[in-house]
Amino acid sequence: MENRTIMFTHNDLDGVGCGILHKAAFGSHAETYYCGYHNVDEKIQERLKELNGELPTIIISDLGINEETATLVDQYEGEKVLLDHHVTNTWIQEKYDWATIDTEASGTLLVFNHFEKVPREYVDFALHVDDYDRWQHTMPNSKDLNRLLFIVGIERFERRFLIDEKVEFNETEKLLLELETESIDRYVDKIEKGITVYHLSDDKRFGVGFAERYQSETAHELMNRLELEAIALIDVNYRKISFRSKPNFDVGSIVKELGGGGHKNAAGAEFGYKDVKDFSPKYPLYGVLESLRSVIFELYFRFSRTYDAIETAQIERLFKDKNNA
């Protein structure tokens with residue numbers, strides 16, 4: 001019997017794109033798990049323990065793993081591969097020959113290029129996902145592809161593109177996308193009212209606010225409206241912060257120092273709390289308006305301090321290189 005494959009991938013458009021290509025390539029032999037940053041290590045470790053001597057191919061895509069998980073995967077006797085594009089995960093490639101980190105391609109495009117069994121007609125789908133995930137936005141349907149995922153959910157989205165790989169929307173999908181666009185516009189208007197704008201040390205404008213939905217669309221629209229270099233949107237319910245920035249501002253390096261990860265212009269971090277009661281000593285949420293302002297200022301303070309440290313290190317490195325020349 002043909003060797004089974006088990007994929008662990010992210011639960012965003014790029015990760016789901018990997019899952020779709022995985023199932024298109026391996027069919028009934030493909031076992032796929034959609035994970036978040038918070039549980040990918042736990043899911044991989046649990047599944048490896050359940051294999052009981054079986055040796056399916058292990059595929060990890062569009063996600064990083066911690067050192068403990070990496071050690072377990074390395075000890076696994078079956079075939080394994082990690083395909084990712086986040087610069088914060090380059091250490092995995094440096095340590096293990098089964099890992100590939102390529103910042104010039106999305107996870108979906110890496111999966112498409114790596115596995116010959118992926119049907120070649122999925123090339124347009126892979127390129128659209130890549131266009132959206134790496135914020136190229138040169139393809140008109142890539143944003144709508146991401147919106148469709150969040151409208152219909154992973155299972156329906158997956159089923160749709162396993163039946164028809166073409167990124168051409170039918171009349172029902174077009175109506176859903178039109179209604180969603182109107183909803184996003186109203187939502188951005190609401191979130192804009194709660195954004196606090198700070199000036200960094202070089203007078204770059206940095207915005208902080210709260211948003212639990214449409215983080216990417218909201219962030220990029222507000223950066224344009226408010227002339228921001230970067231923005232952080234706090235999602236209290238899902239305990240995470242989404243950071244976005246313009247091309248010339250490296251938010252990824254800053255967020256890495258804050259305990260998160262991601263790309264140069266799109267990154268994220270998580271809150272270290274169990275439930276809302278835990279906000280009291282760690283993040284002063286009680287007290288409503290004043291406490292919300294405290295949360296926002298605390299995030300700004302940490303971001304600003306890290307930004308200054310990185311800028312100072314870069315300047316020192318520049319002078320050091322000139323002196324050594």
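**Figure 1. Contacts across the whole chain of this predicted model.** Take the contacts in the protein between residues at least 6 apart in sequence: 56% of them join residues at least 24 apart. The protein has 325 residues, and buried ones make up 49% of them. As for the secondary structure, there are 12 helices and 11 strands.

**Figure 2. Helix H1 alongside helix H7.** Here we look at H1, which covers residues 13–26, and H7, which covers residues 142–163. Their axes come within 10 Å and cross at roughly 10 degrees. Angles under 35 degrees count as roughly parallel, so H1 is roughly parallel to H7. On the H1 side, the contact is made by Leu 13, Val 16, Ile 20, Lys 23 and Ala 24. H7 brings Leu 145, Asn 146, Leu 149, Ile 154, Phe 157, Glu 158, Phe 161 and Leu 162. Sorted by class, that gives 10 nonpolar, 1 polar and 2 charged residues.

**Figure 3. The largest nonpolar core, with 33 residues.** Which residues have the most contacts inside this core? They are Phe 115, Phe 125, Leu 145 and Phe 157. Two or more residues each come from H1, S2, strand S4 (80–84), helix H5 (107–114), helix H6 (123–133) and H7. H1 gives the most, with 7 residues. In soluble globular proteins, nonpolar side chains tend to be buried together. Zoom in on Phe 157 and, leaving aside neighbours within four places in sequence, you'll find it in contact with Leu 13, Val 16, Ile 20, Phe 125, Leu 145, Leu 148, Leu 149 and Val 152. There is also a second, separate core of 21 residues, and among its members are Phe 206, Ala 230, Ile 241 and Phe 303.

**Figure 4. Glu 31 in strand S2.** This strand runs over residues 30–35. Is Glu 31 buried or exposed? Its relative accessibility is 18%, and the cut-off for buried is under 20%, so Glu 31 counts as buried. The Glu 31 side chain makes a polar contact with the side chain of Arg 4 at 3.1 Å, and another with the side chain of Tyr 33 at 2.4 Å. Not counting residues up to four places away in sequence, Glu 31 touches Arg 4, Thr 5, Ile 6, Met 7, His 22 and Arg 47.

Figure 5. Asp 130 is buried, at 7% relative accessible area. Its side chain reaches the backbone nitrogen of Ser 106 at 2.7 Å. Beyond its neighbours within four places in sequence, Ala 105 is in contact with His 85, Leu 110, Asp 130 and Arg 134. Ala 105 and Asp 84 are 21 residues apart in sequence, and their C-alpha atoms are 8.5 Å apart in space.

**Figure 6. Asp 62 and Trp 135, two residues with positive phi.** Most residues other than glycine have a negative phi. What is phi for Asp 62? It is near 55 degrees, a positive value in a residue other than glycine. Asp 62 lies in the loop between strand S3 (57–61) and helix H3 (67–75), and it is buried, with a relative accessible area of 1%. Trp 135 also has a phi near 55 degrees. You'll find Trp 135 in the loop between H6 and H7.

**Figure 7. Lys 246 and its contacts.** Where is Lys 246? Look in the loop between strand S9 (240–245) and helix H10 (251–257). Lys 246 is partly exposed, at 23% relative accessible area. The side chain of Lys 246 reaches the backbone oxygen of Leu 228 at 3.4 Å. Lys 246 and Leu 228 are 18 residues apart along the chain, with 8.1 Å between their C-alpha atoms. Leaving aside neighbours within four places in sequence, the contacts of Lys 246 are Met 223, Asn 224, Glu 227, Leu 228, Glu 229 and Asn 265.

Technical notes. Residues are numbered from 1 along each chain as its sequence is written. This is a predicted model: local features need pLDDT of at least 70, side-chain atom pairs count only at pLDDT 80 or more; totals for chains, interfaces and linings use all residues. Side-chain values use heavy atoms; hydrogens and water are left out. Axes are lines fitted to C-alpha atoms, for helices over the stretch in contact, and angles run from 0 to 180 degrees between N-to-C directions. Helices (H or I, at least four residues) and strands (E, at least two) are DSSP runs, numbered from the N terminus. Angles under 35 degrees count as roughly parallel, over 145 as roughly antiparallel, 65 to 115 as roughly perpendicular and the rest as oblique. Contact means heavy atoms within 4.5 Å. Ala, Val, Leu, Ile, Met, Phe, Trp, Tyr, Cys and Pro count as nonpolar, Asp, Glu, Lys and Arg as charged, and the others, Gly among them, as polar. Buried means under 20% relative accessible area, exposed over 50%, partly exposed in between (1.4 Å probe, protein chains only). A polar contact is a pair of N or O atoms within 3.5 Å; within protein, one must be able to donate a hydrogen and the other to accept it, and residues adjacent in sequence count only if both atoms are side-chain atoms. A nonpolar core is a set of buried Ala, Val, Leu, Ile, Met, Phe, Trp, Tyr and Cys residues joined through side-chain atoms within 4.5 Å.
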